[in-house]
Amino acid sequence: MPDADLHALDQPAVRPVPQPTPAAPRPPTDTPLLHRRLPRFATLGMLAASLAVAILLGLTVWSLNPVALLLETAVLYGVAVFVTSSVVEGRRNAVDRLVTVVVTTFFLLALLPLVSVLIEVVGQGYQRFDLTFFTYSMRGVVGAGGGAYAAIVGTLIITALTTAVSVPIGILTAVYLVEYSKGGRLGKVLTFFVDVMTGIPSIVAGLFAVALFVLFLGPGARAGIIGSVALSVLMIPVVVRSTEEMLRLVPNELREASYALGVSRWRTITKVVLRTAVAGIVTGVTLAVARIIGETAPLLVTVGTTTSTNTNPFSGRMATLPVFSYYEYAQPGIPREPYLDRAWAAALTLIIIVMALNLIARLVSRIFAPKTGR
Amino acid sequence: MAKRIDVKDLDMYYGDFLAVKGVTMTIEPRAVTALIGPSGCGKSTFLRSLNRMHEVIPGAYVKGEVLVDDQNLYAPGVDPVGVRRRVGMVFQRPNPFPTMSIYDNVVAGVKLNSKRMKKSDMDDLVEASLKGANLWSEVKDRLAKPGSGLSGGQQQRLCIARTIAVKPDVVLMDEPCSALDPISTLAIEDLINDLKSEYTIVIVTHNMQQAARVSDMTGFFNLEATGQPGRLVEYDDTQKIFSNPGQKATEDYISGRFG
Amino acid sequence: MSTTSAKPRGVHDAPRYGDRIFAGAATGAGVIILLVLAGVAGFLLWQALPALTASPEDVRGGKGLFEYIYPLAFGTILTSVIALVIATPLSVGIALFITHYAPRRIALALGYVVDLLAAVPSIIYGLWGVYVVAPASVPVATWLSNWLGFLPFFGPSPSASGRTTLVVGVVLAIMILPVMTAVNREVFLQTPRLHEEASLALGATRWEMIRQAVLPFGRSAVISGAMLGLGRALGETMAVAIILSTAVGVHWDIIGTANSSTIAADIALQFPESSGLDVNTLIAAGLVLFFITLLVNMAARWVVSRRSEFSGAN
């Protein structure tokens with residue numbers, strides 16, 4: 001292509017002398033452009049064969065345990081794919097396929113516990129999942145009958161109290177971190193300690209509440225409010241974290257637009273920033289409630305349990321669903337069955353509540369999310 | 001081992017959206033082919049379809065043929081991984097692997113392919129590649145330092161060294177100088193000129209002076225209207241395109257009347 | 001906003017009470033959190049003090065506080081380490097599956113499903129562990145005992161009920177999997193596209209791309225995620241309390257009938273029936289647990305904060 005003139009015109013006068021490129025050793029090529037690939041039916045066939053062999057093994061020498069079945073299938077299929085792919089496609093593709101098998105197996109392996117938990121809880125819990133369970137307490141009940149009415153009431157009261165304490169503190173702290181601290185010292189310290197607080201074990205939170213209330217009620221006291229304080233220690237950092245994240249998503253332009261209209265700062269925060277982030281905050285709070293509603297250990301040491309309904313959180317033991325479930329399991333009478341059935345029914349109730357809260361949270365965030373084009 | 005590329009009636013899609021329509025062109029070996037055109041006209045999309053990087057984006061696919069030495073890159077059974085080893089690519093922003101040293105960056109592609117390579121062969125390859133990228137004299141004393149410590153222009157030449165270390169047939173460059181200062185740009189342009197003795201080079205650029213300086217052939221891409229797919233308007237000797245273009249649209253673009 | 005706009009504006013503007021009160025409330029909330037945290041350490045220390053100063057024979061077990069707590073600390077760390085060993089590779093694999101293998105459209109939903117594992121209350125994991133995992137573990141434990149019995153972890157007589165340290169470790173692994181996966185998923189998604197494409201353009205397969213670009217980028221996050229998971233496992237109470245069949249002392253055998261209890265489980269089991277000095281002893285144990293988890297969590301944060309330094313992210 002004759003383009004010498006053009007180059008001569010446009011190129012700078014001084015050019016470095018092009019260095020001669022020495023002939024480098026050519027790396028061995030093992031990926032020809034057109035090489036054989038394993039057809040899809042071959043891999044599908046191997047998968048089906050592996051599954052069949054695993055089931056056959058399960059029926060004869062081993063067990064039909066789903067984990068065993070999954071692992072056997074994965075190992076057989078992995079080996080088959082690796083070997084055939086090594087022969088047909090070369091080592092690199094074989095390794096790639098093997099990793100795909102491993103990673104997919106890991107994911108399926110993680111789903112099994114979830115499915116198994118749900119099956120077990122529903123399967124064991126449905127027997128006492130009846131009207132009596134929700135309308136009767138355990139007062140005077142020995143053996144069969146009775147229900148978790150007192151425990152449900154207790155759980156609702158304590159959760160409501162916890163939420164009432166945690167949500168204002170959590171949201172205000174997040175507002176401070178995002179809107180006021182401006183990278184100041186208190187802000188940094190607070191961020192760090194909220195992180196630390198996220199990691200406090202629930203039982204330690206319970207012990208803290210116990211130790212705190214020794215001051216007010218003396219040693220050995222049990223009351224709903226103590227449990228609420230313990231749960232608040234667990235809930236506040238979750239609310240702070242999620243709210244903070246949501247507030248940071250609110251674009252700065254909105255704040256500036258509001259200030260430019262002469263709106264005061266606190267009104268900008270409440271009417272613009274919090275209003276924009278409300279869906280995300282509600283989602284975060286709902287998930288935080290879902291997290292603490294199933295907490296057992298802190299309530300075990302702070303609230304204890306009782307057989308009758310106690311609606312006063314400031315005095316005396318209260319029954320709560322998780323603790324109810326635990327004691328029905330751990331200290332059954334004779335025969336054990338009615339107690340265990342109640343334990344599982346309480347577990348089923350709990351898991352339904354938690355899953356429902358999770359679902360609500362996702363729906364809220366999806367339906368009410370601000371249309372920011374994200 | 002420069003190779004000729006024949007593109008036959010190539011359509012590029014993102015999902016249902018037809019981004020570039022009906023490109024037919026022959027890219028000559030041992031020459032620099034520049035692709036110019038306004039933003040969003042599909043130059044980069046077309047470039048990425050030449051080594052099947054296009055399909056890395058979810059939902060993206062291609063219809064038509066790209067023949068390298070009469071072998072269709074999109075024929076059934078062709079492994080995109082193999083294609084990308086033959087057709088290397090340099091990106092808009094320099095992207096050396098941040099956790100690797102300069103040395104390891106250069107051999108990153110080679111290590112994928114060869115199981116065992118003698119240390120001395122490896123050293124030779126690093127030296128040859130860095131020399132090929134006009135970077136050797138600047139980095140030969142700090143090969144073990146991280147590649148992210150270099151200047152932008154040096155990083156881009158490191159990426160070129162990494163690309164030519166695997167001895168591709170074709171080197172694609174997607175606006176390789178757009179993130180660089182004028183001096184680094186000059187270094188890269190000199191390098192492109194040196195590289196064309198060994199490789200087929202295709203470069204996308206926004207800078208028409210650059211296209212005029214470095215390329216032998218130039219293709220002009222344009223949109224007929226917004227929402228319409230991009231297409232190749234004119235493809236000819238660079239000299240012809242810049243002095244006497246055959247199409248009105250090309251002339252308008254080159255003379256700066258739009259785009 | 002008529003009230004504010006009606007006011008004349010100037011240098012000598014009347015103090016905005018709304019602004020002051022709100023700013024004060026926000027700051028106050030932050031200070032409350034710091035006070036609570038100081039309170040956690042302070043009140044625990046206060047209530048643990050009697051046990052710290054008591055003569056050894058008065059402490060439960062009769063050999064002093066240290067002798068009481070350290071087998072529990074051993075059990076806590078042993079179960080958590082088992083959980084970590086199982087959960088770390090799994091969480092990396094799952095996060096890779098969600099971010100780089102699963103079809104984009106369902107990846108988000110798959111993430112939610114894994115998150116649901118974290119929503120299951122720990123008491124339910126405990127019941128499930130006893131009823132499902134423990135029985136299923138018996139043949140595995142028998143096999144381990146027969147073939148790997150030369151290792152100190154696998155004793156000669158595996159538990160017939162399956163309520164062992166190993167099972168607790170497995171259940172804990174499942175419980176900490178979601179938090180670790182979430183951390184890994186987040187950072188794998190943040191891998192710069194430029195680096196992924198650089199790798200692919202060199203002719204890397206998907207796995208080679210992950211090894212070249214994704215894993216180096218995410219390495220420190222994987223470490224910190226593992227530490228966060230470790231923190232959770234150390235403090236987990238009910239699942240351990242329900243599943244584990246415990247015995248006093250240090251036991252290396254993780255499939256036998258005698259297992260070292262954990263601090264958290266021991267507190268949950270003993271506290272409701274305790275009074276007097278026993279309560280103080282348990283609170284002292286809780287204090288130890290608090291400091292262990294504190295150290296682990298702070299180490300995790302430290303790794304996160306150092307991340308930008310050695311990932312080279314722009």
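**Where chains A and C meet**

Across the interface of chain A and chain C, the rule picks out 2 salt bridges, a salt bridge being a side-chain nitrogen of Lys or Arg within 4 Å of a carboxyl oxygen of Asp or Glu. Before going further, note that this is a predicted model, where local features need pLDDT of at least 70, side-chain atom pairs count only at pLDDT 80 or more, and totals for chains, interfaces and linings use all residues. Residues are numbered from 1 along each chain as its sequence is written, chains are lettered from A and ligands numbered from 1 in the order in which they are written, and side-chain values use heavy atoms, with hydrogens and water left out.

Over all chains, the whole structure has 24 salt bridges. The A:Arg92 pair crosses between chains, running from helix H4 of chain A to helix H8 (residues 206-235) of chain C; helices (H or I, at least four residues) and strands (E, at least two) are DSSP runs, numbered from the N terminus.

The rule also finds 7 residue pairs in polar contact across the A and C interface, both residues at pLDDT 80 or more. Polar contact here is a pair of N or O atoms within 3.5 Å; within protein, one must be able to donate a hydrogen and the other to accept it, and residues adjacent in sequence count only if both atoms are side-chain atoms.

How many residues does the contact take from each chain? It takes 84 from chain A and 82 from chain C, with contact meaning heavy atoms within 4.5 Å. About 7,400 Å² is buried between the two, and carbon and sulfur atoms give 78% of that; buried area is the accessible area (1.4 Å probe) that two parts lose on being put together, summed over both. In chain A, the residues losing the most area to chain C are A:Phe107, A:Leu207 and A:Tyr329, together 9% of what that side buries.

Now for some backbone details. A cis peptide bond joins A:Ile334 and A:Pro335, with omega at about 0°, and A:Pro335 lies in the loop between helices H13 (321-330) and H14 of chain A. Over in chain B, B:Arg30 has a positive phi of about 50° although it is not a glycine. B:Arg30 lies in the loop between strands E2 (17-27) and E3 (32-36).
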